[in-house]
Amino acid sequence: QVYLVESGGGLVQPGGSLRLSCAASGRIFSINSMGWYRQAPGKQRELVAVISSGGSTTYADSVEGRFTISRDNAKKMVYLQMNSLKPEDTAVYYCNVKGLDSWREPFGSWGQGTQVTVSS
């Protein structure tokens, strides 16, 4: 079993900043990609940002230049620094981690989600 615990969501005014964190634990042999997705009410879950094991990053067009994804391999953590937040960034944000478990089997795990609300 692989467990993900997210933190850092909350209420922020437009133009403000938040930093999300996600910690992975459990029977992990190696981690490949780590990413953040979000789901707004009535919409499908969408990719926000992903970072590979080598540090390559990919961002949704809507967050490019405002959000920064990073990871700490030793701590098995991924972060999402969100700046210049807009009301349309309001959503539940989910952490996603892919890798190999202790039995060298591929896994893909989701966190429980953390609410981000951007409102004045």
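How many of the 120 residues of the protein count as buried? The share is 42%, where buried means under 20% relative accessible area, exposed over 50%, and partly exposed in between (1.4 Å probe, protein chains only). Keep in mind that this is a predicted model: local features need pLDDT of at least 70, side-chain atom pairs count only at pLDDT 80 or more, and totals for chains, interfaces and linings use all residues. Residues are numbered from 1 along each chain as its sequence is written, and side-chain values use heavy atoms, with hydrogens and water left out.

**Figure 1. The protein has eleven strands and zero helices.** Both come from DSSP runs numbered from the N terminus (helices: H or I, at least four residues; strands: E, at least two). A compact globule of 120 residues would have a radius of gyration near 14 Å, and the protein agrees, with 14 Å. That radius is taken over C-alpha atoms, and the globule rule is 2.2 Å times the number of residues to the power 0.38.

**Figure 2. Here is the largest nonpolar core, with 30 residues.** A nonpolar core is a set of buried Ala, Val, Leu, Ile, Met, Phe, Trp, Tyr and Cys residues joined through side-chain atoms within 4.5 Å. Trp-36, Leu-80, Met-82 and Tyr-93 have the most contacts inside this core. Strands that each supply at least two of its residues include β1 (2-7), β4 (28-39) and β9 (91-101).

**Figure 3. Zoom in on Met-82 and meet its contacts.** Contact means heavy atoms within 4.5 Å. Skip residues up to four places away in sequence, and Met-82 touches Gly-16, Ser-17, Leu-18, Leu-20, Arg-66, Phe-67, Tyr-93 and Val-116.

**Figure 4. Gly-99 sits in strand β9.** With a relative accessible area of 4%, Gly-99 is buried. Leaving out neighbours within four places in sequence, Gly-99 is in contact with Ser-30, Ile-31, Asn-32, Glu-105, Pro-106 and Phe-107. What about Ser-17, how many Å from Gly-99 is it, C-alpha to C-alpha? The two are 30 Å apart in space and 82 residues apart in sequence.

**Figure 5. Gly-54 lies in the loop between β5 and β6 (57-59).** Gly-54 has 71% relative accessibility, so it counts as exposed. Its C-alpha atom is 8.9 Å from that of Ser-33, though 21 residues separate Gly-54 and Ser-33 along the chain.
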